[in-house]
Amino acid sequence: MTTVSLPDDIFWMRRALALAERVLYSTAPNPRVGCVIVRDGQVLGEGATQPPGGPHAEICALRDAQARQAAVAGATMYVTLEPCSHFGRTPPCVDAVLAARPARVVVAIGDPNPLVNGQGLARLREAGIAVTTGVCAEEALAINAGFISRMSRGLPWVWMKMAASLDGRSALHNGMSQWITGAEARADGHHWRARSCVVLTGMGTVLKDDPQLNVRGVDTPRQPRKAVVDGRLSIPEDARLFDGGEVIIFTARDDAAKAARLADQNARVVVLPGPVPDRVDLQAMMRWFAQEQFNEVHVEAGAGLSGALVSAGCVDELLLYVAPVLLGDAAGMVRLPMLEHLDAAQRYEFIDTALLGADVRLRARVAQTWRELMQRVALSAPN
């Protein structure tokens, strides 16, 4: 049965979470999972999930224990996500755990994947293994918010990255915005790009900045894919983002000839017309991302698309870099409709601040969405 978390449980689960963070850039579309096997305060084996097709965290930890010639029977296993109970690219992890015969398994959060969803925990309990759940649950969800969101609500986790002055301006009226923030803040932004499955921008940014949308200065085994919201399918075919990596272009216009030319540059055109002519259905776009197994979407766009995404309810988290400078009469971060009442404003909850060189990074998220995800991972790990 589930018991109150002990200090040792928190200590070892945080070690497992640290292992999961080491594979932050490499496991998608699978979750990032860490596992530590412990007996009498000593690590017998540990590991983290490998890239798709490779072993999951529990298997890595069991293999590590075998390499150390450590017997796992009777030990305690700490794992950041419920062990899988189905055949995917790899066999069910719960089978290997059962074969190893630990006395106890401590799990941070349940897996809402319909193919798992409590079944892994049920099999452990049926075998007489003591199971404790909910240890460091919020920390575990933060590492895998995208996977949990996709599995439980059919949507990716979306954060929107913005850089602004103290008075909330993101660019001069002539469009100049490079660089409002310093090198440390820009480097941190590339970390967030690297952990995402896709970097999303709009046509205004493509035309104004001709961005590359890739990860630079971060050691990552894979680049996230790139995506552009381009309602009129007017993207220049010599844009810098066409560098051989896959580019997804969301449009409201069906132009087979241009789509064929773009396909030669590894670009995929997805036609998702909205109710307004030449506007993409943004909510349908997010559902498309989830169906295509994108866990996390990193948005770097101008005020128009940023405002449209917020208005459509597509943004779960804000990643705001604030520089200690005043720009005065300049362009704002997000273009939103005028409000008549404050109670109609979109509200967020601050969750983190960090000093990066001379700049400050603020993180804020939609509190209700986060609470719903917490409920989903708790419900999928019944006591």
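How many bridges join strand β1 to strand β3, and in which sense do the two run? I started my notebook there and found 4 bridges between β1 (residues 34-39) and β3 (residues 76-81), which run antiparallel.

**Ground rules.** I am working with a predicted model, where local features need pLDDT of at least 70 and side-chain atom pairs count only at pLDDT 80 or more, while totals for chains, interfaces and linings use all residues. Residues are numbered from 1 along each chain as its sequence is written, and side-chain values use heavy atoms, with hydrogens and water left out.

**Entry 1, the sheet.** I noted my terms: strands (E, at least two residues) and helices (H or I, at least four) are DSSP runs numbered from the N terminus, and two strands pair if DSSP finds at least two bridges between them. Strands of a sheet pair through backbone hydrogen bonds, either parallel or antiparallel. Here I find 5 strands in an open sheet, ordered β2-β1-β3-β4-β5, with mixed pairing. At the edges stand β2 (42-48) and β5 (130-133); each has a single partner strand, so one side of each lacks a neighbour in the sheet. The twist from one strand to the next averages 15 degrees; the axes are lines fitted to C-alpha atoms (for helices over the stretch in contact), with angles from 0 to 180 degrees between N-to-C directions.

**Entry 2, around β3.** I looked up who faces whom. Cysteine 35 stands opposite valine 79 in β3, and valine 36 has tyrosine 78 of β3 as its bridge partner. On to strand β4 (residues 104-109): β3 pairs with β4 in the parallel sense over 5 bridges, and methionine 77 stands opposite valine 105 in β4. I also checked cover: 6 of the 6 residues of β3 are buried. Buried means under 20% relative accessible area, exposed over 50%, and partly exposed in between (1.4 Å probe, protein chains only).

UniProt, in an unreviewed entry, lists a "binding site" at positions including Ala163, Trp179, Ala303 and Leu305. The positions of that record spread over 146 residues of sequence and up to 24.2 Å between C-alpha atoms. UniProt positions follow the numbering used here, feature names are shortened, and annotations may be inferred rather than shown by experiment.

I picked two of them. Alanine 303 lies in helix α11 (residues 303-311) and is buried, at a relative accessible area of 17%. Beyond its neighbours within four places in sequence, alanine 303 is in contact (heavy atoms within 4.5 Å) with Gly332, Met333, Val334 and Arg335. Leucine 305 is also placed in helix α11, is buried at 14%, and touches Thr201, Gly202, Val229 and Leu282, not counting residues up to four places away in sequence.

Leucine 213 belongs to the loop between α8 (203-209) and β9 (225-229) and is buried at 2%. Not counting residues up to four places away in sequence, arginine 193 touches residues including Leu213, Arg216 and Glu300, while leucine 213 touches Arg193, Val199, Thr201, Lys226, Ala227 and Leu241.
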